[in-house]
Every structure is written in structure tokens, then in C-alpha cells.
Amino acid sequence: MDRLHITGGTPLNGRIHVSGAKNSALKLMVTCLLTDQPVELTNMPNLADTRFLAQLLETLGVEVYWPKGSSTCHLNAAELKSTIAPYEQVRKMRASFNVLGPLIARSGHATVSLPGGCAIGARPVDLHLKALEAMGADLRVEGGYVKAAAIHGLTGAHINFSTVSVGATEHAMLTATLAKGETILENAAREPEIEDLANCLNSMGANVTGAGTPIIRIKGVEALKGTTYAVMPDRIEAGTYAMAAAGAGGDVTLDGCPVAALGAMISKLREAGVTIDADEAASTLRIRRNGSPLKAVSLSTQPHPGFPTDLQAQFMALMCTAEGTSIIRETIFENRFMHAPELSRLGADITVRGQEAVVKGVHHLTAAPVMATDLRASVSLVIAALGARGETVVNRIYHLDRGFERLEAKLGACGAKIERRSGEDE
Ligand code: EPZ
């Protein structure tokens with residue numbers, strides 16, 4: 001199993017190019033199921049998760065041409081050979097569940113495994129299922145699988161989500177594009193990835209309006225055509241490198257950065273004393289911190305445009321050595337503080353009380369072997385290690401490979417002392 005060896009204390013200086021967004025790419029890939037024409041996605045991130053979804057699509061009969069290392073992925077679902085998404089595949093990557101609605105829309109039936117729980121929380125899919133039922137799908141849960149059919153086709157529906165859910169909003173949007181009549185989604189998620197999905201669907205001939213607002217309208221069409229579409233840049237990857245620069249100090253510019261999608265993070269970093277030059281037109285974000293300590297800042301995660309849960313762990317890593325006490329509230333997932341005990345191994349002073357973590361800034365962190373159980377928690381340990389004294393070993397980095405493209409190369413190019421090694425955990 002690979003691990004990272006990181007020697008802290010070196011400021012980061014240089015430029016980092018932001019890759020395509022994992023959480024957008026995973027939904028954009030699924031659009032291919034809605035058409036018998038080719039879908040070509042550019043700016044695709046080469047990640048374990050996107051490669052994994054490509055394998056599931058192949059299982060369903062999609063022809064996938066995506067050479068190793070290439071950022072262009074060709075998907076052709078001219079003919080589907082299966083409408084079954086097996087447990088082994090959905091369990092490993094929850095976004096696979098989003099094939100359910102598109103398969104029903106395309107083939108009239110589908111059998112897709114329920115994803116089960118996950119390290120950061122229970123993560124039920126009840127809202128996904130309610131939305132599909134409202135559109136006329138007949139659903140049964142049997143042996144851990146959702147067995148779905150819509151013998152008379154899907155019809156538009158008025159769906160009011162009881163909780164804001166990114167996945168359920170996207171799933172309903174994908175499915176409604178081919179339903180008869182109009183679907184209205186209320187209390188829809190407003191994440192930038194939702195707008196990206198709407199833009200891609202519209203480029204295929206769909207009629208989606210209102211994405212990015214709480215009310216999305218989808219007028220169903222007879223058929224969708226193929227498209228060539230560029231995946232939006234990854235706001236979470238960008239935010240992570242911004243925090244790495246803020247933590248280690250130095251002067252880093254992010255190129256191809258989705259500046260407008262990062263408002264909440266930028267204002268929290270400025271509050272903490274980090275100098276940030278944001279240029280939306282040029283898509284660059286320059287992050288500078290020279291010597292001065294960070295100030296403690298409190299925050300609460302919120303659906304977009306609030307502070308994203310996917311940057312909470314990274315921000316906590318920064319607050320470990322800030323001056324003062326910061327209170328970090330996680331409101332999206334019920335178990336998303338697994339990084340706290342690992343950060344404590346590096347000398348952080350963190351007390352977790354339910355959904356709240358109290359972080360008392362210490363003078364410095366000291367290296368130790370650490371590991372984490374999810375993607376963003378793992379990268380928070382990398383951020384902490386870059387500012388810690390000594391050599392930290394971050395174990396189980398397969399979590400990082402799910403969501404960060406060439407992480408050690410990107411940080412290494414800015415001067416970070418970071419090296420990937422294979423072998424047993426340390
Ligand atoms: C997406 O997950 C992202 N994943 C997550 O990123 C991200 O943390 C999350 O949105 C919130 O921004 C992908 O896009 C692949 P939700 P998703 O449905 O869609 C509850 C990462 O690290 N809920 O918005 O699964 C749910 O339990 C990942 O890249 C229901 O109760 O998140 C949670 O508490 C982790 N019933 C809340 O809603 C449902 O049917 C928000 O979840 C669906 C969700």
C-alpha cells in the first residue's frame with residue numbers, strides 16, 4: 001500500500017494548475033446513458049473514482065475510450081447490454097447509484113444496488129428514490145438492490161426536497177430530461193457542479209433552467225444527442241491547495257481556478273490573515289502568507305454558497321496552529337471529524353463535541369505516522385504535515401488517489417518535500 005513521506009517546514013512557491021472536478025465528472029459521465037450518440041468529455045480528471053465509474057459504464061455496455069493519462073474520455077452508449085449495477089461496484093463508489101434513473105429513462109427498467117453507509121455518515125438515498133417514484137418509477141427493494149421499472153415511461157413531477165441534497169438534485173435532473181412533461185425541483189442544491197451538469201445536458205438538447213438556484217425546471221424532450229463538453233475545474237482541489245499554501249506559507253498561484261465558486265473559503269482565509277488576490281476573469285487565485293501566524297476563525301459547513309463540507313477537514317488542519325480558539329461545526333454529515341484524532345497525533349489540541357470541534361491553536365505540530373478513512377480527511381493530514389516539524393508518514397493514500405490528481409507532483413513542483421513510497425504502513 002502506498003504512503004506519503006512529508007517533511008514539513010518548507011514554504012510553497014509556484015503555480016498549480018487545477019484539474020477537472022471529480023464530483024462534476026462523475027455525474028457528467030452518467031449523461032452518456034441518456035443518448036445513443038457519443039459523449040466526449042474533456043478536462044477529465046484521471047482519478048481512481050472516475051476510472052472506476054468508467055468500468056461500471058463498460059459493464060452496462062458503454063464503449064469507453066479513455067487512454068491512460070488522457071484528459072479526454074469518449075463514451076458511447078449506442079447499445080446497452082445490461083441494466084444491472086452490482087453491489088461490488090456501487091458499494092465502492094456511491095456516485096455509481098446515479099445510473100439508476102438514467103437507466104430507467106433509457107431502458108424502462110433497472111436493478112441497482114443500494115450503496116450502504118460510508119465512513120462520513122449514513123448517507124441514505126431516500127430522496128433519490130422519492131424523486132424517481134414521483135416521476136412514475138415503480139421501485140422495490142429486494143436483497144439490497146433497488147429493482148425499478150417504468151412500464152409506461154416516466155412523467156414530469158413537482159418535487160420538493162425536504163433536505164438539500166446534491167446527489168438527489170443531480171439524479172432527478174438527469175432522469176427528468178427524458179420524462180414526459182415538466183419537472184420542477186424545489187429546494188434544489190445550488191452547488192456549481194449542478195450548473196455544470198445542467199450546461200452539459202442542455203448541450204445535448206435537454207431543456208434545463210434555474211440550475212444554481214433553489215428551483216430547477218426541466219422540460220422533458222423526446223431524445224438527447226451526443227456532445228463534447230469540458231468538465232468544470234475542481235473547486236475542492238483548488239481550495240485544498242489554497243489551504244496548503246496558507247498553512248505552509250509562501251506564495252502560490254492557482255491557474256484555471258473556479259474563483260467564483262470559492263467565495264466562502266476565500267473570505268474565511270482572509271479572516272484568518274491570509275493574503276488572497278482573486279482574479280475571476282483570469283481564473284487565478286494567488287495565496288500568500290509570509291511568517292505571520294494565522295488567526296483562529298470559526299465556521300459552520302453549509303450547502304453552497306456556504307462553506308463546503310469537503311473543505312472542512314483542510315480548514316481544521318490550518319486552525320491547529322492558529323492563534324486562539326476556533327469552533328468548527330459540521331452540519332452536512334454526522335461523522336465527518338475522523339481527521340481530528342489523527343491531527344491530535346501531530347500535537348493538535350482538538351475536542352470533538354457531537355457536531356462541533358473546538359480547536360485550540362498550538363505553537364507548532366510535530367511529525368508522526370497518521371492515516372485517515374476518507375479522501376478529504378487524508379488531504380487535511382497532508383496540509384498539517386507540510387507545516388509540521390519533522391517527517392510525517394501519511395498511510396493509506398489510496399483515499400487521496402480517489403480525488404486528487406498527481407497530488408505529490410503538484411505540491412512537489414512548489415517546493416514541498418513530499419515523496420510517495422510503496423510497502424507496509426508505518
Ligand atoms: C456530494 O455527495 C459529494 N459527492 C460529496 O463529496 C459532498 O460532500 C456532498 O455532495 C455535499 O456537498 C459527490 O458529488 C460524488 P448530499 P452527496 O446528497 O450527493 C443527506 C467528497 O469528498 N441525504 O448533498 O452524497 C445526506 O446523508 C464527497 O468528494 C439524505 O438524507 O451529498 C447528507 O447528510 C464526500 N437522503 C446530506 O443529505 C438522501 O437521499 C447532504 O448529502 C440524500 C442525502
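Domain bounds here come from an automatic or database domain assignment. On this basis the protein is divided into domain 1 (3-18 + 233-421) and domain 2 (22-230), and the centres of the two domains, taken over C-alpha atoms, are separated by 31 Å. The structure is a predicted model, in which local features need pLDDT of at least 70 and side-chain atom pairs count only at pLDDT 80 or more, whereas totals for chains, interfaces and linings use all residues. Residues are numbered from 1 along each chain as its sequence is written, and side-chain values use heavy atoms, with hydrogens and water left out.

Contact between the domains (heavy atoms within 4.5 Å) takes 22 residues from domain 1 and 21 residues from domain 2. The buried area, that is, the accessible area (1.4 Å probe) that two parts lose on being put together, summed over both, is about 1,700 Å² between domain 1 and domain 2, with carbon and sulfur atoms giving 49% of it. On the side of domain 1, the most area is lost to domain 2 by His-304, Arg-402 and Glu-405, which together account for 35% of what that side buries.

Two salt bridges (a side-chain nitrogen of Lys or Arg within 4 Å of a carboxyl oxygen of Asp or Glu) are counted between domain 1 and domain 2. Arg-402 also forms a salt bridge with Asp-49, in which the closest N and O atoms are 2.7 Å apart.

Over the whole structure, the search finds 20 salt bridges. One of them pairs Arg-15 with Asp-255, the closest N and O atoms being 3.0 Å apart; with helices (H or I, at least four residues) and strands (E, at least two) taken as DSSP runs numbered from the N terminus, this pair links strand β2 (residues 12-17) to strand β15 (residues 250-255) across 240 residues. Arg-15 is exposed, with a relative accessible area of 54%, where buried means under 20% relative accessible area, exposed over 50%, and partly exposed in between (1.4 Å probe, protein chains only).

By contrast, Glu-193 and Arg-235 are both buried, and these residues form a salt bridge whose closest N and O atoms are 2.8 Å apart. A further salt bridge brings together the side chains of Arg-420 and Glu-408 (2.6 Å, N to O), linking strand β24 (residues 417-421) with helix α14 (residues 407-412), the two residues being twelve apart. Arg-420 is partly exposed, with a relative accessible area of 29%, and salt bridges that share partners join Asp-2, Asp-401, Glu-408 and Arg-420 into one network.
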